[in-house]
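Good morning, everyone. Please have a look at the model on the screen, and then I will walk you through it.

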Amino acid sequence: MIYNAGNYDVIVIGAGHAGCEAAVASAKLGASTLLLTMNLDSIALMPCNPSVGGPAKGNLVREIDALGGIMGLNTDRSRIQIRRLNMSKGPAVRALRAQADKKLYQRLMTILLERQENLDVKQAEVTRIIVENDKVKGVLTRTGAIFSCSTVVLTTGTYLRGKIIIGDVSHEGGPNGQFPATELALSLKELGLNMGRFKTGTPPRISGRSINWDKLIEQPGDKGPLNFSFWHDCSNRPNVSCWLTHTNETTHKIIRDNLDRAPLFSGRIEGKGPRYCPSIEDKVVRFSDKPSHQIFLEPEGLETEEWYIQGLSTSLPEDVQLHILHSIPGLEKAEMMRPGYAIEYDYIDPTQLKLSLECKTIKGLFTAGQINGTSGYEEAAAQGLIAGINAARLLQDKEPLILKRNQAYIGVMIDDLVTKGVSEPYRLLTSRAEHRLLLREDNADLRLGFIGHEIGLLSDKCFKKLEQKEKGINKGIEILKNSHVGSQNESIQRILKDCKETPLKNTASLADLLKRPKVRYQHLADYDLVPKFPVDVASEIEMIIKYEGYINKENMQVERLMKLEAKKIPDNINYRSIRGLSNESIDHLERVRPSSVGQALRIPGITSADINILLVYLEQKRREGVVACAG
Ligand SMILES: Cc1cc2nc3c(=O)[nH]c(=O)nc-3n(C[C@H](O)[C@H](O)[C@H](O)COP(=O)(O)OP(=O)(O)OC[C@H]3O[C@@H](n4cnc5c(N)ncnc54)[C@H](O)[C@@H]3O)c2cc1C
C-alpha cells in the first residue's frame, strides 16, 4: 500500500559518515530535512578500522570542522587514543590520527542527529528515487511510504547490491550482518546512471582476553592538547595504547598454501579493491620478498573486548583465518569474535557529477561518500558535508559551494572524482594535492572558517575565536618583521646559545632569527621579545615565518593556475564544432563537460594542444560577444 508520508526540502538517504554530515548541514542551513536510514542502530557505523585521520585524511577532518561540520568534534568526544604523525617530516604531511570508541562515536552522533533542529531521522529502506522530467520529486520506501522533496542526497556507502564474501561462502548483505540495498541499485541503473563495482575488505576481530600482550610492542598515544576540532578542547579523553606485532614465514606459508581457496585469486570477487588497503593475501603475493608485515592491534572501544587487527584484512576461509591468527606472535590462542570478509558493492561513476556533487542529468540529485567511488570515513564525511550544503543552497537559489584545489583537500578530492573519475576505490593522499604546503592540517580554520561562517554553518561563537586567532597571528608576524635586534642583545644571544645556533653578529629582524631551524617562537616569548600567545597562534606564526619562502612560491604557482580556472566554459558549448580537436579529446570533454579551462586541463587524455585550441576558440567567441569570459 503506497501512501504519502510527508514533504521535505531535502531527503538524505543513509546515515553513514556522509549522510550524517549532509543531514546536519542542510538542516542547519534552514532546509527542512529528513534522514532515512535502513537501521537506526547503525548510524555512523565504523565497519572497518576504529581510527579517524592520518595523512591527508586528518586534514579532511579538520577542514570539515573548520566549515562547521561534525566529524572532528564527534571524534574528539569519542576518542580513546590520539597521535600526531610525521612530526619528523615537513608540515605538509603532519597529521592527527585518533582511535575512536566505535560504540560511543555512534551514540554521540545519534543523539546529535536526533536533537538537530529542522531534522527528522527515520528508519526505512529507500527502494526508488522518484524523478519526473529529469528532476527529483521524492523517494519510495520498501514499506510503501512516499516522501516528496526537491532534493535528495544519496549516501548509501557499501550497501548498493552489497555482497559478502568469505572463502567459498558468499551472500547478499551489507556490513556487520545488515541488509543490502539491491532494489535501489537497480532503480539507479534505470535512471540511466553509469554504475561500477568495487570491493573492500576488513580483518577479523579477536577477544582481548585471548591475546598474549607480553609478546607485543606497545604503541602509546601522544600527550598534550591535541584535538581535531578547532573550537572545542577534549584533551581530557583517555589515551589507551595500540599494540604492534608481525606476520612471519609461517603465516605467509599458510596463505600461499590456501591461495586456491582465496576468492581474490579464484575469481569469486569481481569488484576492484583499494590499492592502499590491500588484503594480507594480496600483500603476500605482491610483496613476496618481504619476510613479514606489520600488524597493529587497535581497541574497538573501552567497553568491549573486541580488538581490530590492522593489516590483516582478508576474505580467506574462516578456518584459514584462524590458522593465520595463531601463527602470529601474541595471537597463538586468539579467539576470533568476527571473521574478516570482503564486500562488493555498486558505485556510480563520479564523472556524472558537477563540482557541487549534483548529478548532471538529474536536477536535485546529489551523491556523496563511498557511492562516488571513494574509500574512507573521512572522504565520505567531507563529500556529505559539501552535498548537504549544496542541496540546501540549490533550494535557496544560492551559488553552490565549490572549494578549489588550492583552498582545501576537499576541493582536491571532489575535483579528482568528477574530472578524472575512478578505476579503483579512491583514497585521499597528500601526494594528490599539488599545493599541499598551503593545505596543512594546522591552518584549515584560517583557510575555511570564514567560508563556513559566511554560508551560515559555522557559529558566531566559533567565528569570534577564529577572528581572535587571526588577529593574534597578524600582530605576531608584524612584530617579528618590524623588530630588529643587534649582537649586543643578551636575550637573543642566550637563546641562540641554548639552541646551539651561531651567535648573532649583525642586526637582524626577529623574523629572520625565528627562521633559524632550532629557534622557536616560545623562546622569543619566554624572553618577552614578542607577545605570549596561545599555542595554536604561536605555532601558526612560527609555521608562516619558517616556511615563508616556500609558501610564497606556492602562492605564485596558484596565481598562475587560477588564471586558467577563471576561464569559464559555457555549459552549452559544442565541442564537435571546434576545429582541431581530435575525436578522442572531444569524447573526454563531452563526458566530463568541465566548467573551466583549468578543469579541462586535468581531464586524463586532454593535451596542452587541446587546451590551446580551446583557449583560441573561447577568445574568438568572446570577441564575437557569444561568451563572456573573465580574465
Ligand atoms: C568491510 C568494510 C571494510 C572497509 N575497509 C575500509 C578500509 O580499509 N579503509 C577505508 O578507508 N575505508 C574502509 N571501508 C569503508 C568505510 O567504511 C566507508 O568508506 C565509509 O563508511 C563510507 O561512508 P558512507 O557514508 O559513504 O557509507 P556507509 O558508512 O557505508 O553508510 C551508508 C548508510 O546508508 C544506509 N543505506 C544504504 N542503502 C540504503 C537505502 N536503500 N535506504 C536507506 N538507507 C540506506 C546504510 O544503512 C548506512 O547507514 C570499509 C567498509 C567496509 C564495509
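Let me start with a term. Helices (H or I, at least four residues) and strands (E, at least two) are DSSP runs, numbered from the N terminus. Residues are numbered from 1 along each chain as its sequence is written. The model is predicted, so local features need pLDDT of at least 70 and side-chain atom pairs count only at pLDDT 80 or more, while totals for chains, interfaces and linings use all residues; side-chain values use heavy atoms, with hydrogens and water left out.

First stop, a strand. Gln219 sits in strand S16, residues 217–219. What does Gln219 touch? Contact means heavy atoms within 4.5 Å. Leaving out residues up to four places away in sequence, Gln219 touches Gln81, Arg83, Ser241, Cys242, Trp243 and Phe296.

Next, the ligand. There are 35 residues around the ligand, and His17, Ala18, Val126, Gln370 and Gly376 come nearest. Here, near means that a heavy atom of the residue lies within 4 Å. Thr37 has a polar side-chain atom 3.3 Å from a ligand oxygen atom. For Ser375, a polar side-chain atom is 3.3 Å from a ligand nitrogen atom.

Now helix H21, residues 608–623.

Which residues of H21 are buried? Buried means under 20% relative accessible area, exposed over 50%, partly exposed in between (1.4 Å probe, protein chains only). The buried ones are Asp610, Ile611, Leu614, Tyr617, Leu618 and Lys621. Down the axis of H21, they fall within an arc of 125°, so they line one face of the helix. That arc is taken over the directions from the helix axis to the C-beta atoms. On the other side of H21, Ser608 and Arg623 are exposed. Helix H19 (583–592) and helix H20 (597–601) are among what covers the buried residues. After H21 comes Gly625, with a positive phi near 75°.

That's my tour. Thank you.

Conventions. A polar contact is a pair of N or O atoms within 3.5 Å; within protein, one must be able to donate a hydrogen and the other to accept it, and residues adjacent in sequence count only if both atoms are side-chain atoms.
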